[in-house]
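Please work through the following exercises on charged side chains. Each task is followed by a solution in steps.

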Amino acid sequence: MCLEAEGKLDEAQALYNGILEEDDTNLMASKRQIALLKARGKLTEAVSALTDFLDTYYDDHEAWAELCALYLDQHHYEQAAFCCEELVLLQPANHIWILKYAEILYTLNNLPLALKHYCKVLELCTDNVRALYGLQLCASKLNAQHEHASDLQALATERLLHVYGKEPNEVRTLVRDYLAS
């Protein structure tokens, strides 16, 4: 890592290759090689290396999160959604992964499933502002199609106004006006 910090990426790569020749299960050397690919801007190769890494170390949630981020950077939302599904399976009580999954589903226009996942986030973390806004947006778009959408939209609006209740009057007014539109 000192070589990497000094900008000697080729030397660092050679060192990691040597470590992996001796022990092909060296977790740190494998991860550092992926980091080198990313540092060099070789995103396609980094994605491929991460995919291979996850074939061996399937339960590495950090690798899944990194792969998700790489896919999102490249606007590959369906692949990023798959990574989030794996993260939720590995850490089902982590509201951050569920929220990221809900946001990706919203981007993919899978509103009914996004709505359910925003609700799950709020079950785990009651006043999560991003989840409340997501719920409010999904419910407003699904209003005519979903049985409970209007109730969920009203609930999200009420909770958001409560969360912003302690803010200065200008902020409360801005939020109230936004939610009314």
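**Exercise 1.** Determine which residue forms a salt bridge with Glu 66, and where the two partners lie.

*Solution.* A salt bridge requires a side-chain nitrogen of Lys or Arg within 4 Å of a carboxyl oxygen of Asp or Glu. Glu 66 is paired with Lys 38, and their closest N and O atoms are 2.5 Å apart. Glu 66 belongs to helix α5 and Lys 38 to helix α3, so the pair links distant parts of the chain, 28 residues apart. Helices here are DSSP runs (H or I, at least four residues), numbered from the N terminus. For exposure, the classes are buried (under 20% relative accessible area), exposed (over 50%) and partly exposed in between, with a 1.4 Å probe and protein chains only. Glu 66 is partly exposed because its relative accessibility is 26%; Lys 38, at 37%, is also partly exposed.

The model is predicted: local features need pLDDT of at least 70, side-chain atom pairs count only at pLDDT 80 or more, and totals for chains, interfaces and linings use all residues. Residues are numbered from 1 along each chain as its sequence is written, and side-chain values use heavy atoms, leaving out hydrogens and water.

**Exercise 2.** Explain what the salt bridge between Lys 31 and Asp 60 ties together, and classify both residues as buried, partly exposed or exposed.

*Solution.* The closest N and O atoms of Lys 31 and Asp 60 are 3.0 Å apart. Lys 31 lies in helix α3 (residues 27-39), whereas Asp 60 lies in the loop between α4 (43-56) and α5 (61-73), so the bridge ties together parts 29 residues apart in sequence. With a relative accessible area of 25%, Lys 31 is partly exposed. Asp 60, at 10%, is buried. Lys 31 and Asp 60 also join Glu 62 in a network of salt bridges.

**Exercise 3.** State how the positions of Lys 120 and Glu 123 in helix α8 are related.

*Solution.* The side chains of Lys 120 and Glu 123 meet in a salt bridge, at 3.2 Å from N to O. Both residues lie in helix α8 (residues 111-124), and because they are 3 residues apart, about one helical turn separates them. Lys 120 is partly exposed at 31%, while Glu 123 is exposed at 59%.

**Exercise 4.** Find how many salt bridges a search of the whole structure gives.

*Solution.* The search finds 6 salt bridges. Among them is the pair of Glu 66 and Lys 38.

Definitions and conventions:
Helix = DSSP H or I, 4+ residues; strand = E, 2+ residues; numbered from the N terminus.
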